[in-house]
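Read it beside the model.

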Amino acid sequence: MATPELEHEIKQLIIDSLKLEDMTADQIDAEAPLFVDGLGLDSIDALELAMAVRKKYGLTTQSDDDQNHTIYSSVRNLANYVEGELAKRADKS
């Protein structure tokens, strides 16, 4: 399970990469949906967010990956994915 610090970092990444200047990290519910309901992001936002995750953490997902829907469904899921992938890298080193 991702740390609250990583969740906050990802919330800030969403705000910065999508230029949501009128929002703070504390206003984003870690369990709320990122798309449609909840934060209300769209497909263009998804691409921007995926690019920001790649730039910050060096993690990429394929556009046709069925797991993307789950990974990007909420801040918590995204944070869990990032933490898991970074842990896998650390184990390989």
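H2 and H4 cross in a right-handed sense, meaning that the near helix is turned clockwise from the far one by less than a right angle. This is a predicted model: local features need pLDDT of at least 70, side-chain atom pairs count only at pLDDT 80 or more, and totals for chains, interfaces and linings use all residues. Residues are numbered from 1 along each chain as its sequence is written, and side-chain values use heavy atoms, without hydrogens and water.

Helix H2 spans residues 43-57 and helix H4 residues 75-92; their axes lie 12 Å apart at an angle of about 30°. Axes are lines fitted to C-alpha atoms over the stretch in contact, with angles from 0 to 180 degrees between N-to-C directions. Helices are DSSP runs of H or I, at least four residues, numbered from the N terminus.

The contact (heavy atoms within 4.5 Å) is built as follows.

| Helix | Contact residues |
|---|---|
| H2 | Leu-49, Val-53, Tyr-57 |
| H4 | Leu-78, Val-82, Leu-86, Arg-89 |

By class, six of these residues are nonpolar, none polar and one charged. Here Ala, Val, Leu, Ile, Met, Phe, Trp, Tyr, Cys and Pro count as nonpolar, Asp, Glu, Lys and Arg as charged, and the others, Gly among them, as polar.

Next, charge pairing. The model has three salt bridges, each a side-chain nitrogen of Lys or Arg within 4 Å of a carboxyl oxygen of Asp or Glu. One of them joins the side chains of Arg-76 and Glu-7 at 2.6 Å, N to O. Arg-76 sits in H4 and Glu-7 in helix H1 (residues 4-17), so the pair ties together parts 69 residues apart in sequence.

Terms used. Helices (H or I, at least four residues) and strands (E, at least two) are DSSP runs, numbered from the N terminus.
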